Each structure stands twice: as structure tokens, then as C-alpha cells.
Amino acid sequence: MKKNILITGGNGLIAYELIKIFAKEFNVFCLTSSKVDFKSDNLEVIKVNFNESWNTNILPKKIDIIYHLSQSANFRKFPKMTLEIFNVNTFSTLKLLEYARNANCQKFVFASTGGLYGSGDFSFSENDQINLKIKKNFYLTSKFCSELLVDNYKQFFNVFIIRFFFVYGKRQSRDMLIPRLIDNIESEKIIVLNSKEGIKINPIYVDDAVNALKRIILLKDSETINIAGNEIFSFREICEIIGNELSIKPHFEINGSETLNLIGDIKKMNSILVKPKVNLRTGLKILIGEKK
């Protein structure tokens, strides 16, 4: 019997690709506030706006796995969009957790962020303590609140908290990091770095992130897992790779001398999920080629 899988954020970078994979073999229910440009006999689109009043009665009576991948598109707009950020990032999580409990759900996957770790000159592992007092940020607070809510439901089903680090790929919003760098370099805007090299990160291409999420179906115990790439680059290095692909020399401005890196330790990901396959140069070539 086919599994019933519910995925939120249907038009998002990660959710869209995950839906296409799962619809080949499972019954997929997609929650989204907009039209999904993908059709399958195994896909049912359910229109839901998490920033408005909605009832879980519209969802399937029985669900096996939930991938809660939605997040507010206005996550940077604090305090103007405070309620929307909270409704989409946090309140929706609680409603879905209660729905999962009553729908005999087996696994609940929540998309969080590696940004919760803060920054440092080392890679962050899943065992590192989260301390939001270091840098207050309403978006991060909304995600951490949801992590706490999800953790409370371990007694009812397996929960998986996934902390993503700079996922990038085709169809991504142009205001996200990698597409924004590409656009700025193409238009010859100045790239501001917080030190000579800028922060170091290990971004991951969307296909690798989605393959990691797919493997969660095979896991038997609750986990918190970092999802990131296996290559570490500084902002300057990333911009220079982009510039080389565009045949445009990036323009930099150095504003400060402190290096605040955000690197995810992916030992657990490599061990129990998958190892990333798409290197940054290949991923950037795909994005720039698509834009052309």
C-alpha cells in the first residue's frame, strides 16, 4: 500500500523538487497558497495559506509522513511582518503536529536553519548548544520555537529536525544568497565583505538536499541533522567563481576585519543520509546557465 506523504511549501525550492520525486511512488498531498506547476496522478494540491485561518479538517484522515518545509517569504521583515512570520513558521507547525498526532503519523520532518548556531571559526555540529541571546533575530526565534514544539512530540511519532545551510538551486527566489550574488556581480554592484575574504560557508545544491530528505523515510529513530555541502568557501571565493563563469570581475568593499563563519558539520548527514555529489562550481554553472 502506498504511503501518504504530506509536504508543505509546495512551490518552494526544496519542496517542489521533493514532490516531483515522491509523486513517482507515493500518494503526495501538497499544501501551498499558490499554484503548483507540476501534475501527477499521485499528487493532490490543497490550497492553504498559513497566514490565514485554516482547519486541519481539509487534510487527509490518515498520513504516514509530514515534511513541513514552508517558511515565510517575509522572514527578514521584522517587525513589519511579525505576525505573518510567526503564523507561517511557528503556529502552522503546532497545528500540523496536532494533526499528525490524530492522523497516526509515523514521521514528522521539520525544516529549520543552521543560522540558529550563530557564527564562529569552527564547524557547528548538531550537539552544539543554541543560544539566541547572542544575536536576537525574529526569524531564528520563530524557527527555534518550532524546534522546541516538534521535540515535544517525540512520544507520539519520530521527529526529524533538519538544519539547512544555504541551499541553492534552480527556481530559487532571487533575493536568496547565491542568486543575489549572481545578480549583483552581473550588474557590477559592489559586494561588501566583513573581512578580506568574508565569511566562510558550505552551501548545498538543492538536488543533494532533496536526496538527503528522501532518505529520512529509511530512518527509525528521531534525529536532528545538519544539511550542508562538503566544500567550504569564503564569500570572496564564491564571488570569484561566479565572476569567472560570467566573465565579469567582481567588485569588493571590505567593511570590518571580523570573520564570522557559518559552517555546518555534516558527519551525521554523510553517515545516515547521503553524501553531497554536486560541487559548488557545477551548481553555480547550472544556475548561471539557467539565467542566461
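On a 1 Å grid over the protein atoms alone, a cavity is a set of points where a 1.4 Å probe fits but cannot get out, a pocket is an open set with protein on both sides within 12 Å along at least five of seven lines, and lining residues have an atom within 4 Å of a point. This is a predicted model, in which local features need pLDDT of at least 70 and side-chain atom pairs count only at pLDDT 80 or more, while totals for chains, interfaces and linings use all residues. Residues are numbered from 1 along each chain as its sequence is written, and side-chain values use heavy atoms, with hydrogens and water left out.

**Cavity and pocket**

- The count comes to one cavity of 30 Å³ or more, and the space in the largest cavity is about 60 Å³; a volume is the space filled by probe spheres set on the grid points, which are joined across faces, edges and corners.
- Of the 13 residues that line the largest cavity, Pro203, Gly229, Asn230, Glu231 and Val278 lie nearest its centre.
- The lining of the largest cavity divides into eight nonpolar, three polar and two charged residues; Ala, Val, Leu, Ile, Met, Phe, Trp, Tyr, Cys and Pro count as nonpolar, Asp, Glu, Lys and Arg as charged, and the others, Gly among them, as polar.
- The second largest pocket holds about 210 Å³ of space, and its lining includes Phe144, Asp151, Arg163 and Glu223.
- Helix H3 (138-152), strand E7 (158-164) and strand E12 (223-227) each give two or more residues to the lining of the second largest pocket; helices (H or I, at least four residues) and strands (E, at least two) are DSSP runs, numbered from the N terminus.
- H3 supplies the largest share of that lining, five residues, and by class the lining has three nonpolar, three polar and five charged residues.

- Five of the five residues of strand E1 (residues 4-8) are buried, where buried means under 20% relative accessible area, exposed over 50%, and partly exposed in between (1.4 Å probe, protein chains only).
- In a regular strand the side chains alternate between the two faces of the sheet.
- Asn4, Leu6 and Thr8 point one way from E1, and Ile5 and Ile7 point the other way.
- E1 runs parallel to strand E2 (residues 27-32), joined by five bridges; two strands pair if DSSP finds at least two bridges between them.
- Thr8 has Leu31 of E2 as its bridge partner.
- E1 also pairs with strand E4 (residues 65-68) in the parallel sense over three bridges, and Leu6 stands opposite Ile66 there.

- Among the buried residues of H6 are Phe235, Arg236, Ile238 and Leu246.
- Ser247 follows H6, has a positive phi of about 60 degrees although it is not a glycine, and is exposed, with a relative accessible area of 69%.

**Other loop residues**

- Arg171, in the loop between strand E8 (167-168) and helix H4 (177-186), has a positive phi near 75 degrees and is partly exposed at 38% relative accessible area.
- Phe78 and Pro79 are joined by a cis peptide bond with omega of about 10 degrees, and Pro79 lies in the loop between E4 and helix H2 (82-102).
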